[in-house]
Each structure stands twice: as structure tokens, then as C-alpha cells.
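Subject: Structure handover

Hi,

Here is the structure I said I would pass on. Have a look at it first, and my notes come after.

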Amino acid sequence: MKQSFKTILKIIISSLVTAAILCSCSLDFLFDDEGEKQYEGKLAVHFLDVGQGDSIFIELPNDQTMLIDAGENYHGEGIINYIKKAGHSKIDYLVATHPHSDHIGSMPYIVRNFDIGSVYMPKLTTTTKLYESLLKAVKSKKLTVKNGKAGVNIVKTDDLSVDIIAPTKIDESNLNNCSIVIMLTFGDNSFLLTGDAETGEMKSVKAKISADVLKAGHHGSKNSTTKSLLKKIKPEITVISCGKNNEYGHPNKDVLTMLKNIKSSVYRTDKDKTIIVVSDGKNLTVSTDNQSIKRAS
């Protein structure tokens, strides 16, 4: 009888352990698919490390999200997974700053495979295959493209504003100077997100462009970030999105020197990987998670 009782007890314990393991696996699967939100009620701007390209994921304090650019065409799955792990299942506002592959390469994939709200793009007639692929993806989801030009407000609440301040005009001879430039304001804090805008476009901006956080234009190149521009902006923090040992020499050494001279804290995706700047409306905090958006296999 004793031996029989022990056998039964072992079977019961084994069954309980198996059930616990299965339950744990199920929960892990759920959390891997969609994570927990860490920054509710705050503004979190994630400068994603997509190598030599741009991609910025923004968690707005009203619980909406924005994605500005999406790197080259092999980052789509990684970007979607990053957004899911941040606890979100929708991109409320998708912004393609301009139709260069290092900015919109993965956007067709993201549009096809994720829930998208509004789409903003500069009004261009360029007909590259990639640009046409993005337009087809947008059309297939029955979305419409909103004209991303100066004067357009994307979000407006009592303490939050997302405004497009450029382009003021379209220069198709230089697509960098057609970049959508966004001023993002939450309480006392402001972010200037410049795409690849060069000196010519930034000089055309009529809005006030001082900001606490600057996303340096065109990966920190010298034709985007000038001494006169920095004098206007006076950024406390500057983020540069660029690839490690890239062939263009980004960021430019003179730009780094100018930023050092004005005592702006510089963060770079080639060194710091993904950079997260969080605002509570008064104070800014910066963290790096040493995570790169992996290339699709």
C-alpha cells in the first residue's frame, strides 16, 4: 500500500510540474508577442538603431503611437517586433520623411503587416520602385496619404503638440530638402526631428525651432547641422542616427566639435544602439538599451 501511495504521489507531482511548465510557456509566448507599456502618461521617443538609416518610434502620452521612417528594406519585421514588445498593436501616425531607401525601405512591409492609422508623406512625383511599392501598400490597406507640409498639425491636446514645420516648398532636385521636419512638444520639453533636411530647407523654416532635443539632420552630415542652426536650436541633447563605420564618414567631425562647443550631450546609434529619450513634460531622461533592430534573415 505504501509503495502504491508513493507512485500515485509521484504521478500527481509530475502532472502538476508539467502543467506549470505548459502554463509558463504559454505566458512567455504572450509576453513575447506583446509586451508591457513602460511609459504611460509620458512621451517616449525611441531612436532605433537601424544602421545607416533612420527610424524613430514614438509613444505619445495620450497612448497613441507614431513611427517616423523605417530604415532599409530588411528591418520591417524587427521594427514591428520592437513596437509589439513596447506593448502596442497599432501605429496611429506613420510618417515617411522623404523617399530615400534608408528612410522608407521597410515601410511597405510595415504597412502590409501592421495596423496603421494615418499616413503622412511629402507631396512628390518621384517614381522609384520603392516609393511606388509604398504607395501600393497604402492603397491596398485602403489608407490615404496626407500631405506632409509646413503648417500641418498631427496631434493637438492641452500639453501635447505634433507639428510639421517643413517642407515649406518641394525641391525634387534634392529629395533631402523635401524632408518632413517635425516639432514635437510636450509640456516644457520639445523635440526637433529633421529627417535628412539640409541647410537650404532648414533656412526656409518659418516656425520657431529652438528645442531641447535635436535629431541631427542627414545622419550628422556637415550640410545639415551648421553653427548658425545650432545657435537657434540650442539643443540640450542631440541624437545622431548612423551606421557603424559607414562609408560616408557620418557623423562629420566638425559637427561633433560644434556640438561639443555648445555642450550638447551627444548620443549616436552607431555607438549607443537604440536611444530612448523620455519626457514627463518637465524633465528629460535618456537611456540606451544596447539593442539594434535585427536584419530579417
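This is a predicted model: local features need pLDDT of at least 70, side-chain atom pairs count only at pLDDT 80 or more; totals for chains, interfaces and linings use all residues.

Below is what I found in it, going from the whole chain down to single pairs of residues.

**The chain overall**

The chain has nine helices and 15 strands. Of its 297 residues, 51% are buried. Looking at contacts with a separation of 6 or more, 62% are between residues 24 or more positions apart.

**The cores**

The largest nonpolar core has 34 residues. Ile 79, Ile 91, Leu 94, Ile 110, Ile 116 and Leu 134 are the ones with the most contacts inside it. Helices H2 (76-85), H4 (107-113) and H5 (129-140) each give it two or more residues, as do strands S4 (90-95), S5 (115-121) and S14 (275-279). There is also another core, of 29 residues, lying apart from that one; Ile 56, Val 95, Val 213 and Ile 237 are among its members.

Leaving out residues up to four places away in sequence, Leu 134 touches Ala 96, Ile 104, Met 107, Pro 108, Val 111 and Met 121.

How many of the five residues of S1 (residues 43-47) are buried? Five of the five, so the strand is largely enclosed by the rest of the structure. In a regular strand, side chains alternate between the two faces of the sheet. Here both faces of S1 are covered: Leu 43, Val 45 and Phe 47 are buried on one side, and Ala 44 and His 46 on the other.

S1 has two pairings to look at. With S14 it runs antiparallel, joined by five bridges, and Val 45 has Val 277 as its bridge partner there. With strand S2 (residues 56-59), S1 also pairs in the antiparallel sense, over four bridges; His 46 stands opposite Phe 57 in that pairing.

S10 (residues 189-193) is mostly covered, with five of its five residues buried. On one side sit Asn 189, Phe 191 and Leu 193, and on the other Ser 190 and Leu 192, all of them buried.

Strand S9 (residues 181-186) runs antiparallel to S10, and five bridges join the two. Thr 185 has Ser 190 as its bridge partner. S9 and S10 form a hairpin with two residues between them, and Gly 187 in the turn has a positive phi of about 60°.

S10 is also joined to strand S11 (residues 213-215), this time by three bridges and in parallel. Leu 192 stands opposite Leu 214 in that pairing.

**Salt bridges**

Side chains of opposite charge can pair when their charged atoms come close. The count here comes to five salt bridges, and I looked at these pairs:

- Lys 273 and Asp 49: the closest N and O atoms are 4.0 Å apart. Lys 273 is in the loop between helix H9 (269-272) and S14, while Asp 49 is in the loop between S1 and S2, so the pair ties together parts 224 residues apart in sequence. Lys 273 is partly exposed at 23% relative accessibility, whereas Asp 49 is buried at 6%.
- Lys 215 and Asp 54: the closest N and O atoms are 2.7 Å apart. Lys 215 belongs to strand S11 and Asp 54 to the loop between S1 and S2, so this pair ties together parts 161 residues apart in sequence. Lys 215 is buried, with a relative accessible area of 1%, and Asp 54 is buried at 3%.
- Lys 90 and Asp 92: the closest N and O atoms are 3.9 Å apart. Lys 90 counts as partly exposed at 32% relative accessibility. Which class does Asp 92 fall into, buried or exposed? At 15% relative accessibility, Asp 92 counts as buried, because the cut-off for buried is under 20%.

That is what I have for now.

Cheers

Key. Residues are numbered from 1 along each chain as its sequence is written. Side-chain values use heavy atoms; hydrogens and water are left out. A nonpolar core is a set of buried Ala, Val, Leu, Ile, Met, Phe, Trp, Tyr and Cys residues joined through side-chain atoms within 4.5 Å. Buried means under 20% relative accessible area, exposed over 50%, partly exposed in between (1.4 Å probe, protein chains only). Contact means heavy atoms within 4.5 Å. Two strands pair if DSSP finds at least two bridges between them. A salt bridge is a side-chain nitrogen of Lys or Arg within 4 Å of a carboxyl oxygen of Asp or Glu.
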